[in-house]
Amino acid sequence: GWMNWGNSPGDMPFSQQMGFPCTLSLETFPEGIRMCKYPVREIGYLYEKTVEKQGISVKPGENPLADLEGELLDIDVEIEAGSSSEFGFDIRGHKISYAVGDEDLSFNGTHALLPMVDGKITLRILVDRTSIEIFGNGGRISISSCVLLNPENRYLGFFSSSGTAKLAKVKISCLKSAWK
């Protein structure tokens, strides 16, 4: 769980950080056995407030999460592609997108092949003060990235750039700091 900034931004006195703690497991897929990485369940001890929604169809220009915001977040979502060719999240000014035709999940210059399962994907997105970590389809893929998040920007959005995507299930938990 070690993330390297490369060149630390601004006046930060560090150039690296730990990611969220995760478990590793071996899972069997059609192409064989693969290692999966998924956040530990103890993150639930940090939940302050949780909002759950389901069955929300999203067309271009709509944001069903407009009434939500937060700084530290745990987002657990199941998305049905429907007729959308691309959908994703805008989290505090940072875009996570999924290109349906290519089965490509992208964030901050990193791309991962994430095959759909029965026309849908699941994502777990953890947002910390200087990182966003994404786990797809139960940990089949993971993308961890150090990012600068504006403390005043707490915007949360879900989008479909064409056609209609469906948030089959979404659970968004605001987290308290692990440091007392």
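The model is predicted, so local features need pLDDT of at least 70 and side-chain atom pairs count only at pLDDT 80 or more, whereas totals for chains, interfaces and linings use all residues. Residues are numbered from 1 along each chain as its sequence is written, and side-chain values use heavy atoms, with hydrogens and water left out.

**Exercise 1.** Determine which residues are linked with Glu71 in a network of salt bridges.

Solution. In one of them, arginine 129 pairs with glutamate 71, their closest N and O atoms being 3.2 Å apart. Arginine 129 lies in the loop between β11 (120-127) and β12, and glutamate 71 in the loop between β5 (47-58) and β6 (73-80), so this pair ties together parts that are 58 residues apart in sequence; strands here are DSSP runs (E, at least two residues), numbered from the N terminus. Next, glutamate 71 also forms a salt bridge with arginine 154, with 3.6 Å between the closest N and O atoms. This second pair links distant parts of the chain, since arginine 154 sits in the loop between β13 and β14 (156-162), 83 residues apart from glutamate 71. The network therefore consists of Glu71, Arg129 and Arg154.

**Exercise 2.** Find which residues touch the most other members of the largest nonpolar core.

Solution. Such a core is a set of buried Ala, Val, Leu, Ile, Met, Phe, Trp, Tyr and Cys residues joined through side-chain atoms within 4.5 Å, where buried means under 20% relative accessible area, exposed over 50%, and partly exposed in between (1.4 Å probe, protein chains only). Among its 36 residues, Phe89, Leu123, Ile125 and Ile132 touch the most other members, while strand β15 (residues 165-175) gives the most to this core, with five residues. A second, separate core has eight residues, including Phe20, Leu46, Leu72 and Phe135.

**Exercise 3.** Decide whether asparagine 137 counts as buried or exposed, and list its contacts beyond four places in sequence.

Solution. First locate asparagine 137 in the loop between β12 and β13 (141-146). Because its relative accessibility is 17%, asparagine 137 counts as buried. Finally, leaving aside residues up to four places away in sequence, asparagine 137 touches Leu114, Pro115, Val117, Ile121 and Thr122, contact meaning heavy atoms within 4.5 Å.

Methods
Helix = DSSP H or I, 4+ residues; strand = E, 2+ residues; numbered from the N terminus. Salt bridge = Lys/Arg side-chain N within 4 Å of Asp/Glu carboxyl O.
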